[in-house]
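Hi,

Here is the structure I promised to pass on to you.

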Amino acid sequence: MAKPLQIEVYNPNGKYRVVSTKSMPGTRWINLLVEQDCRLEICTQKKTILSVEDIISLIGNKCDGVIGQLTEDWGETLFSALSRAGGKAFSNMAVGYNNVDVNAANKYGVAVGNTPGVLTETTAELAASLSLSAARRIVEADNFMRAGLYDGWLPHLFVGNLLKGQTVGVIGAGRIGSAYARMMVEGFKMNLIYYDLYQATRLEKFVTAYGQFLKANGEQPVTWKRASSMEEVLREADVISLHPILDKTTYHLINKERLAMMKKEAILVNCSRGPVIHEVALVEHLKANPMFRVGLDVFEDEPYMKPGLADMKNAIVVPHIASASKWTREGMATLAALNVLGKIKGYPVWSDTNRVEPFLDEKSRPPAACPSIVNSKSLGLPVSKL
Ligand SMILES: NC(=O)C1=CN([C@@H]2O[C@H](COP(=O)(O)OP(=O)(O)OC[C@H]3O[C@@H](n4cnc5c(N)ncnc54)[C@H](O)[C@@H]3O)[C@@H](O)[C@H]2O)C=CC1
Ligand SMILES: O=C(O)C(=O)CO
């Protein structure tokens, strides 16, 4: 038999057994579970990605709910194991839940939580950072300095792109895409072109009002356009940031043909999910177009990069850290814990997943509701009146 994984236990005599497959930042999420009569078991095994077998052993024979991570494969096997152990609650500590087979969860009547909203600005800020770093070649220049190659100012040294007055393209203008668009429009006075299946009305209103403000102050106004196709964004934008969900419609959305449509000196940023880009095609495109630059937070086969990517000077690569601010990560832990706790307690689901602030206010008790359950309709869960 496999050796049991290391765990840390809080409130051993708690009535409900909740498992967290990883230690998560902050203590509020732990306190909230313990105060509500949960025995909390946190897996502390030094292994970054737990296997399905590892998680089955953590679930054991009796488990009321699990807080899991985006690196885990939550499908038929795990949901049936959780259901056999009497559990009806699972939450990803992430807003994206492409690692979860929601149909399998529905089959076993398990609620699936996610953590929207609390990571919107933090993730958009990293996308903005990658955009700037790529435009101004910051990582290349930093490496050059450290290598002792700087021997004086030169007119051609690390010349990059000016963002002001250029066009920023956003594909997937939901919470994060819209926040990123605002940062680039407001911060750098870029014009916006976006593509989404739905109209981003609030974003459009914001850019219109900001353009009027600039005009009234004698400055060049910014503009916006909702593209009728993704290709229109690819052809027109100077900087393009990807923020859709990952599903069948967005898998390899950026492929060889679409890369070829982009400007030769364009910047492409991806803080959504790796498989949205055909990474092999991207490496070829980077090789053939040295002035084309990318900023990547996510990769097709995480934790790996496709061969050749790490050698490309025109690529900036960071290890899936877009949501990694202290406030956000603690908030994600809180929302994930409250999703699981709320379902265990039989609370209704929160009515507006874009408004999760009441759950994050450390000075007051969180509402008696599950902040965000993605399959609440399929399971027929009641909606909170709060
Ligand atoms: N790198 C990281 O650490 C992080 C990554 N993410 C990723 O970002 C994604 C987006 O998060 P939110 O903005 O909160 O979600 P959201 O649901 O508010 O926005 C997603 C947008 O994508 C649009 N969309 C869906 N299919 C599309 C298609 N085929 N073409 C164009 N647009 C399409 C939707 O209409 C929606 O507006 C998450 O699902 C997650 O995968 C989120 C947080 C951190
Ligand atoms: O929340 C997500 O979807 C992430 O990728 C990590 O924050």
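Below are my notes on the domains, the ligand shells, the cores and a few backbone details.

First, the conventions: this is a predicted model, in which local features need pLDDT of at least 70 and side-chain atom pairs count only at pLDDT 80 or more, while totals for chains, interfaces and linings use all residues. Residues are numbered from 1 along each chain as its sequence is written, and chains are lettered from A and ligands numbered from 1 in the order in which they are written.

The protein chain splits into domain 1 (7-118 + 324-379) and domain 2 (120-317), with bounds that come from an automatic or database domain assignment. Their C-alpha centres are 33 Å apart. Seven residues of domain 1 are in contact with seven of domain 2; contact here means C-beta atoms, placed from the backbone, within 7 Å. On the domain 1 side, the touching residues are one nonpolar, six polar and no charged. For these classes, Ala, Val, Leu, Ile, Met, Phe, Trp, Tyr, Cys and Pro count as nonpolar, Asp, Glu, Lys and Arg as charged, and the others, Gly among them, as polar.

Where does ligand 1 lie? Both domain 1 and domain 2 give residues to its shell, so ligand 1 lies between them. There are 30 residues around ligand 1, and Gly96, Gly172, Gly174, Ile176 and Ala322 come nearest (a residue is near if its C-beta atom, placed from the backbone, lies within 6 Å). Helix 7 (residues 175-188) supplies the largest share of this shell, three residues; helices (H or I, at least four residues) and strands (E, at least two) are DSSP runs numbered from the N terminus. By class, the shell around ligand 1 has 15 nonpolar, eleven polar and four charged residues.

On to the cores. The largest nonpolar core has 57 residues, and Tyr180, Ala181 and Leu192 have the most contacts inside it. Such a core is a set of buried Ala, Val, Leu, Ile, Met, Phe, Trp, Tyr and Cys residues joined through C-beta atoms within 7 Å. Buried means that 20 or more other C-beta atoms lie within 10 Å of a residue's own, exposed means 12 or fewer, and partly exposed is in between, with C-beta atoms placed from the backbone. Setting aside neighbours within four places in sequence, Tyr180 is in contact with Ala124, Ala127, Ala128, Val170, Ser241 and His243. A second, separate core of 52 residues includes Val19, Cys63, Ala105 and Val356.

Some backbone details may interest you too. Glu302 and Pro303 are joined by a cis peptide bond, with omega about 10 degrees, and Pro303 lies in the loop between strand 12 (293-296) and strand 13 (315-317). Asn11 is not a glycine, yet has a positive phi of about 50 degrees; Asn11 is in the loop between strand 1 (7-10) and strand 2 (16-20). Asn11 counts as partly exposed because it has 18 C-beta neighbours inside 10 Å. Asp37, also not a glycine, has a positive phi of about 70 degrees and lies in the loop between helix 1 (28-35) and strand 3 (38-43).

Best wishes

Key:
Contact = placed C-beta atoms within 7 Å.
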